[in-house]
Amino acid sequence: TNKFNAIITMVEQGSYSEALDALQNDILKKTDGCITQGSPDKNDWIKDCRAQEEFYPIVLDTINLLMSLQ
């Protein structure tokens, strides 16, 4: 929750590059096991593949949005 709150604060302050970096390096890497390996990896925060499959695209969409704002 702290990571997400920090990213929201960064976006509100216009720090899109920092928010983008946090999403790519802190959040995405912790939710990609099912997408890249077919099962959660040991660093994943979300251990259910169905939940990861719902969450991962939202993170990607947010990353793409932030990239367009830079």
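Analyst: A polar contact is a pair of N or O atoms within 3.5 Å, where, within protein, one atom must be able to donate a hydrogen and the other to accept it, and residues adjacent in sequence count only if both atoms are side-chain atoms. This is a predicted model, in which local features need pLDDT of at least 70 and side-chain atom pairs count only at pLDDT 80 or more, whereas totals for chains, interfaces and linings use all residues. Residues are numbered from 1 along each chain as its sequence is written, and side-chain values use heavy atoms, with hydrogens and water left out.

User: What caps the N-terminal end of H4?

Analyst: Asp 48 does, with a side-chain oxygen 3.3 Å from the backbone nitrogen of Arg 50.

User: How do you know that the span of helix H4 agrees with its number of residues?

Analyst: The expected span of a helix is 1.5 Å times one less than its number of residues. For the 21 residues of H4, residues 49-69, that gives 30 Å, and the end C-alpha atoms are 30 Å apart, so the two values agree.

User: Why is Gln 52 called buried?

Analyst: Buried means under 20% relative accessible area, exposed means over 50%, and partly exposed lies in between (1.4 Å probe, protein chains only). Gln 52 has 0% relative accessibility and therefore counts as buried. Its place is in helix H4, where the buried residues are Gln 52, Tyr 56, Val 59, Ile 63 and Leu 66. The side chain of Gln 52 reaches the backbone nitrogen of Gly 33 at 3.4 Å. Leaving aside residues up to four places away in sequence, Gln 52 touches several others, among them Thr 31, Cys 34, Pro 40 and Ile 46.

User: Which helices do the buried residues of H4 pack against?

Analyst: They pack against helix H1 (2-12), helix H2 (16-27) and helix H3 (33-37), where contact means heavy atoms within 4.5 Å.

User: What puts the buried residues of H2 on the same side?

Analyst: The buried residues of H2 are Ala 19, Leu 20, Ala 22, Leu 23 and Ile 27. They cover an arc of only 160 degrees around the axis, which puts them on the same side of H2; the arc is that of the directions from the helix axis to the C-beta atoms. What covers these residues includes H1 and H4.

User: What makes the link of Cys 34 to Cys 49 a disulfide?

Analyst: A disulfide is a pair of cysteine sulfur atoms within 2.5 Å, and Cys 34 and Cys 49 have an S to S distance of 2.1 Å, so the pair qualifies. The pair links distant parts of the chain, with Cys 34 in helix H3 and Cys 49 in helix H4, 15 residues apart. At -85 degrees about the S-S bond, the link is left-handed. Cys 34 is buried, with a relative accessible area of 9%, while Cys 49 is partly exposed at 22%.

User: How do you know that Asp 26 forms a salt bridge with Lys 3?

Analyst: A salt bridge is a side-chain nitrogen of Lys or Arg within 4 Å of a carboxyl oxygen of Asp or Glu. The closest N and O atoms of Asp 26 and Lys 3 are 3.5 Å apart, so the pair meets the rule. The pair links distant parts of the chain, with Asp 26 in helix H2 and Lys 3 in helix H1, 23 residues apart. Asp 26 is partly exposed, at 26% relative accessible area, and Lys 3 counts as partly exposed at 38%.

Key. Helices (H or I, at least four residues) and strands (E, at least two) are DSSP runs, numbered from the N terminus.
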